[in-house]
Amino acid sequence: MSRRLNEVGSTAAVGEHRIGDLPDDLLTYLMSFLPSRDSVRTCVLARRWRSLWRSVPALRLEDGPRGDGGPRSKFVDELLLRRHPTPLNLCDICSEYDTFHCEEAFTRIKPWLRSKAL
């Protein structure tokens, strides 16, 4: 086995987490490239990560058709309620509504745009 492979294997065995050594600001910046749902999911990685998602400087939101309060809509509502008032660099809202339901899509997304979290 090569020396490099041995070093990598021994580092993993010791339990060293290099990404966990990064400062919170850098972690939240990196998380801003993820869809918001995945950013929130990072809270299970370690105790330190539990609330990092609340300060991510980007929101990448998805909404499904019919504004029926389905899982996506409820997720976004909760995200906006629990998010820290961090300034945003980006807010990307992706909707799966077709062109015949634009008014319905806007009705569903309008409260998100008025949210204090944005």
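**Around S39**

Tutor: Let's start with S39, which touches M31, L34, W53 and V56 once residues up to four places away in sequence are left out; a contact here means heavy atoms within 4.5 Å. Bear in mind that this is a predicted model, where local features need pLDDT of at least 70 and side-chain atom pairs count only at pLDDT 80 or more, while totals for chains, interfaces and linings use all residues. Residues are numbered from 1 along each chain as its sequence is written, and side-chain values use heavy atoms, with hydrogens and water left out.

Where does S39 sit? Its place is in helix 3, residues 36–41. Helices (H or I, at least four residues) and strands (E, at least two) are DSSP runs, numbered from the N terminus. S39 has a relative accessible area of 4%, so it counts as buried. The cut-offs go like this: buried is under 20% relative accessible area, exposed is over 50%, and partly exposed is in between, using a 1.4 Å probe and protein chains only. There's also R60, 21 residues away from S39 along the chain, and the C-alpha atoms of the two are 9.4 Å apart.

Rolling a probe the size of a water molecule over the atoms shows where empty space is left. Searching the whole structure turns up one cavity of 30 Å³ or more. Here, on a 1 Å grid over the protein atoms alone, a cavity is a set of points where a 1.4 Å probe fits but cannot get out, and lining residues have an atom within 4 Å of a point. The largest cavity has a volume of about 50 Å³, meaning the space filled by probe spheres set on the points, with grid points joined across faces, edges and corners. S39 is part of its lining, along with S36, V40, W53, V56, A58, L59, L79 and R83. Helix 3 contributes the most to that lining, with three residues, and both helix 3 and strand 1 supply at least two. By class, the lining has six nonpolar, two polar and one charged residues. For that tally, Ala, Val, Leu, Ile, Met, Phe, Trp, Tyr, Cys and Pro are nonpolar, Asp, Glu, Lys and Arg are charged, and the others, Gly among them, are polar.

Next, some charged pairs. Side chains of opposite charge can pair when their charged atoms come close. There are three salt bridges in the structure, each a side-chain nitrogen of Lys or Arg within 4 Å of a carboxyl oxygen of Asp or Glu. With a relative accessible area of 29%, D38 is partly exposed.

Another salt bridge joins R48 and D24, at 2.7 Å from N to O. R48 is in the loop between helix 3 and strand 1 (58–63) and D24 is in helix 2, so this pair ties together parts that are 24 residues apart in sequence. R48, at 34%, is partly exposed, and so is D24, at 35%.

Stepping back, the protein chain has five helices and two strands, running α-α-α-β-α-β-α from the N terminus on. Of its 118 residues, 28% count as buried, and S39, where we began, is a buried residue.

Definitions and conventions. 1 Å grid on protein atoms, 1.4 Å probe; cavity = no way out; pocket = protein on both sides within 12 Å on 5 of 7 lines; lining within 4 Å.
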